[in-house]
Amino acid sequence: MGPTLTSILLLALGLGTTLTFASSHWFLAWMGLEINTLAILPLMAYYPHPRAVEASLKYFLTQATAASTLLFATTTNAWFTGQWDILHMTHPLPASLFTLALALKIGLAPLHIWLPEVLQGLDLGTGLILSTWQKLAPFALLVQIYPANSTLLIILGLTSTLVGGWGGLNQTQLRKVLAYSSIAHLGWMVLILQFSPALTLLTLFMYLIMTFSTFLVFKLSNATTINALATSWTKAPALTALMPLILLSLGGLPPLSGFMPKWLILQELSKQDLALTATLAALTALLSLYFYLRLSYAMALTMFPNNSTGMPPWRFQTSQTTYPLAVSVIATLGLLPLAPTIMTLLIH
């Protein structure tokens, strides 16, 4: 695939997300989601490997199912209300179908089965797009219809935090760990969506930055398994010293940046008299924190034998990856002191 075709596909990804953001009509929003899906499929199947082709097929079938359910829900809503406007999703039946369709699109539990397998079959660059950019358009629609599905959103959120923490405990493949991490973070976002959309956007913003940093570090060190993380010290010692902070920030360990959205979410749930929900969410966060600690231990406290696998590379890395990585790492580690300012901007 040449640079021209890659640029066209990336522009199509941006066009699909922008179309969904800007649309007030269900058909245009659905069209934007479909453009997104069709644009990422050639990127997923770029490497002629059976796992990549299998992942592309699974992703296509999943997204086609979600798109069909989405179109059925919007048609049903137009039948009940006579409106095709996104803000007129008032009937509980199409609203529930629409929420489940979007949950399937982004990989919320219990509709998450496809996400770890698809992400495992992709390279880290395409996996980064799937874990970050592809979440934006469905979330833009979820934010607009959230008041109609309060109980369903809480169930999806708690189930996702539990499955995301539990499923990542016994994984040795880094891409599957990041997939379950994505499921858990999406659960936190959906859990607070109906009470504070601004807090959901803050959590999504923090998740995008931390996941971007994590994928770029793994891509720079060319690591796809936990055992491969042990060679990081010999390749990039300074970056390996910072990486456990990024991983623990993903787990929400205080006083790192990832703790900020989790703490604010628990505080808001307590204000809404949902103390039991907040307690369950906090307990499931401990599961996620465990496998982040496991990755941190493998990366920072174990040393691979000094053989040809663990020797430093003979040439320097190009700046194409290191510049975005430096910016994202600084943002990941420095956003906690800016929490009051960020919340003020989001609310006002």
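Student: What should I know about the model before we start?
Tutor: This is a predicted model, in which local features need pLDDT of at least 70 and side-chain atom pairs count only at pLDDT 80 or more, while totals for chains, interfaces and linings use all residues. Residues are numbered from 1 along each chain as its sequence is written, and side-chain values use heavy atoms, with hydrogens and water left out.

Student: How many cavities of 30 Å³ or more are there?
Tutor: There are three. A cavity is a set of points, on a 1 Å grid over the protein atoms alone, where a 1.4 Å probe fits but cannot get out; lining residues have an atom within 4 Å of a point. Grid points are joined across faces, edges and corners, and a volume is the space filled by probe spheres set on the points.

Student: What is the volume of the largest cavity, and which residues line the largest cavity?
Tutor: Its volume is about 100 Å³. The lining is made up of Leu33, Asn36, Thr37, Tyr59, Gln63, Lys105, Trp114, Leu130, Gln134, Lys135 and Pro138.

Student: Which helix gives the largest share of that lining?
Tutor: H2 does, with three residues. Helix H2 (26-44) and helix H3 (50-81) each supply at least two. Helices here are DSSP runs (H or I, at least four residues), numbered from the N terminus.

Student: How do the lining residues divide into nonpolar, polar and charged?
Tutor: Five are nonpolar, four polar and two charged. Ala, Val, Leu, Ile, Met, Phe, Trp, Tyr, Cys and Pro count as nonpolar, Asp, Glu, Lys and Arg as charged, and the others, Gly among them, as polar.

Student: And what lines the second largest cavity?
Tutor: That cavity, with a volume of about 50 Å³, is lined by His185, Trp188, Thr203, Met206, Tyr207, Met210, Ser249, Leu250, Gly258, Pro261 and Lys262. Two or more of these residues come from each of helix H9 (174-191), helix H10 (197-221), helix H12 (237-251) and helix H13 (259-271). H10 has the largest share, four residues. Six of the lining residues are nonpolar, four polar and one charged.

Student: Is Met31 buried, partly exposed or exposed?
Tutor: Met31 counts as partly exposed because its relative accessibility is 31%; buried means under 20%, exposed over 50%, and partly exposed in between.

Student: How many salt bridges does the structure hold?
Tutor: It holds two. A salt bridge is a side-chain nitrogen of Lys or Arg within 4 Å of a carboxyl oxygen of Asp or Glu. Glutamate 54 and lysine 58 form one, at 2.9 Å from N to O.

Student: Where do those two residues sit relative to each other?
Tutor: They are four residues apart in helix H3, so about one helical turn separates glutamate 54 from lysine 58.

Student: And what does glutamate 117 pair with?
Tutor: Glutamate 117 pairs with lysine 176, with the closest N and O atoms 3.3 Å apart. Glutamate 117 lies in helix H5 (residues 114-120) and lysine 176 in helix H9, so the pair ties together parts 59 residues apart in sequence. Lysine 176 is buried, at 18% relative accessible area, whereas glutamate 117 is partly exposed, at 31%.

Key
1 Å grid on protein atoms, 1.4 Å probe; cavity = no way out; pocket = protein on both sides within 12 Å on 5 of 7 lines; lining within 4 Å. Buried < 20%, exposed > 50% of the residue type's maximum accessible area, 1.4 Å probe, protein only.
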